[in-house]
Amino acid sequence: MAVSVLIPTPMRKQTNEQDTVEVNPGTIATMVKELAAQYPGIEKRLVDDQGELRRFINFYVNEEDIRFLEGKETPLNDGDTVSIVPAIAGGC
């Protein structure tokens, strides 16, 4: 089995329009590296120049916000689902 990663519409250009991709178990950090190796250009959308997860991108593992788990060191196991959700700002 693998970990399913749900790709948001604005990032699907980097994944050849795939809405779900699979990565090996590991952590959020290793997931980002694996995605970067498979899909050039996606890493810049997920991490900043210092390699930290971008603040305006939310990551959920099985619907749990990683900010309340272990951040980028949150473990990913076979069968887990990661949702990548860009923050949406708005107002009047």
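## Overall fold

The protein contains two helices and seven strands. Please keep in mind that this is a predicted model. In sequence order, the elements follow the pattern β-β-β-α-α-β-β-β-β.

**Size and packing**

- Of the 92 residues in the protein, 37% are buried.
- Taking contacts between residues at least 6 apart in sequence, 50% join residues at least 24 apart.
- The protein has an accessible surface of about 5800 Å², and carbon and sulfur atoms account for 49% of that surface.

**Strand pairing around β7**

- Strand β7 (residues 81–86) pairs with strand β1 (residues 3–6) in the parallel sense, over three bridges.
- To find this pairing in the viewer, look for serine 4, whose bridge partner in β7 is threonine 81.
- Strand β7 is also joined to β4, this time by five bridges, and these two strands run antiparallel.
- A handy landmark here is phenylalanine 59, which stands opposite isoleucine 84 in β7.

**Salt bridges**

- As background, side chains of opposite charge can pair when their charged atoms come close.
- How many salt bridges does the count come to? The count comes to two.
- One of them is formed by glutamate 52 and lysine 72, with the closest N and O atoms 3.2 Å apart. This pair links distant parts of the chain, as the two residues are 20 residues apart: glutamate 52 lies in the loop between α2 (42–46) and β4 (57–61), and lysine 72 lies in the loop between β5 (64–65) and β6 (75–76).
- A salt bridge also joins the side chains of arginine 67 and aspartate 65, at 2.5 Å from N to O.

**Exposure of the charged partners**

- Glutamate 52 has 39% relative accessibility, so it counts as partly exposed.
- Its partner lysine 72 also counts as partly exposed, because its relative accessibility is 28%.
- Is aspartate 65 buried or exposed? With a relative accessible area of 9%, aspartate 65 is buried, because buried means under 20%.
- Arginine 67, by contrast, counts as exposed at 56% relative accessibility, since the cut-off for exposed is over 50%.

Note on methods: Residues numbered from 1 in each chain as written. Predicted model: local features only at pLDDT ≥ 70, side-chain atom pairs only at ≥ 80, totals over all residues. Heavy atoms only, no water. Salt bridge = Lys/Arg side-chain N within 4 Å of Asp/Glu carboxyl O. Helix = DSSP H or I, 4+ residues; strand = E, 2+ residues; numbered from the N terminus. Buried < 20%, exposed > 50% of the residue type's maximum accessible area, 1.4 Å probe, protein only. Pairing = 2+ DSSP bridges. Contact = heavy atoms within 4.5 Å. Areas by Shrake-Rupley, 256 points an atom, 1.4 Å probe, with all protein chains shown as cover.
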